[in-house]
Amino acid sequence: RLCTSSRRAAHDSHAGLAALVASAVACVVLQAGLGFAAGAMLWVAWLELGKDAIEACGATTALSIAVVAGAIMWQAHDLFDEEGESRDQLVRLWAAARALMAGNSTGGN
């Protein structure tokens, strides 16, 4: 949206071809930079932190917590994505996550 609106603004204000080209180049560079950053974060999260979590907690516990955390994030995203939705579901998800973490901290493996 940002790239489209900046190109439209450059075209509407008759700022010229240079502003339009600069806007298009900036959008391409921004997308490439964000894509590289996302790939780097995935690399760190999956390979480095995942390996450390498996060493510290064991494969079953680390993967179970990762799946539950992913499901909670997915549900929270869906909840915030729909406007007018009740926030009670998010409160229940948060309570379930806290209960899960409390159960794991007491030695449940």
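Trainee: What should I know before reading the values?

Mentor: This is a predicted model, in which local features need pLDDT of at least 70 and side-chain atom pairs count only at pLDDT 80 or more, while totals for chains, interfaces and linings use all residues. Residues are numbered from 1 along each chain as its sequence is written, and side-chain values use heavy atoms, with hydrogens and water left out.

Trainee: How many helices and strands does the chain have?

Mentor: Helices (H or I, at least four residues) and strands (E, at least two) are DSSP runs, numbered from the N terminus. Here the chain has 4 helices and 0 strands, giving the pattern α-α-α-α along the sequence.

Trainee: Which helices supply the lining of the largest pocket, and what kinds of residue are found there?

Mentor: On a 1 Å grid over the protein atoms alone, a pocket is an open set of points where a 1.4 Å probe fits, with protein on both sides within 12 Å along at least five of seven lines, and lining residues have an atom within 4 Å of a point. Helix 2 (17–57) and helix 3 (59–81) each supply at least two lining residues; of the 15 in the lining, A45, G50, A62, I65 and A66 lie nearest the centre. The lining divides into 13 nonpolar, 2 polar and no charged residues, where Ala, Val, Leu, Ile, Met, Phe, Trp, Tyr, Cys and Pro count as nonpolar, Asp, Glu, Lys and Arg as charged, and the others, Gly among them, as polar.

Trainee: Why does M101 count as partly exposed?

Mentor: Buried means under 20% relative accessible area, exposed over 50%, and partly exposed in between (1.4 Å probe, protein chains only). M101 counts as partly exposed because its relative accessibility is 44%. M101 lies in helix 4 (residues 88–105), and its C-alpha atom is separated by 8.6 Å from that of I65, 36 residues apart along the chain.
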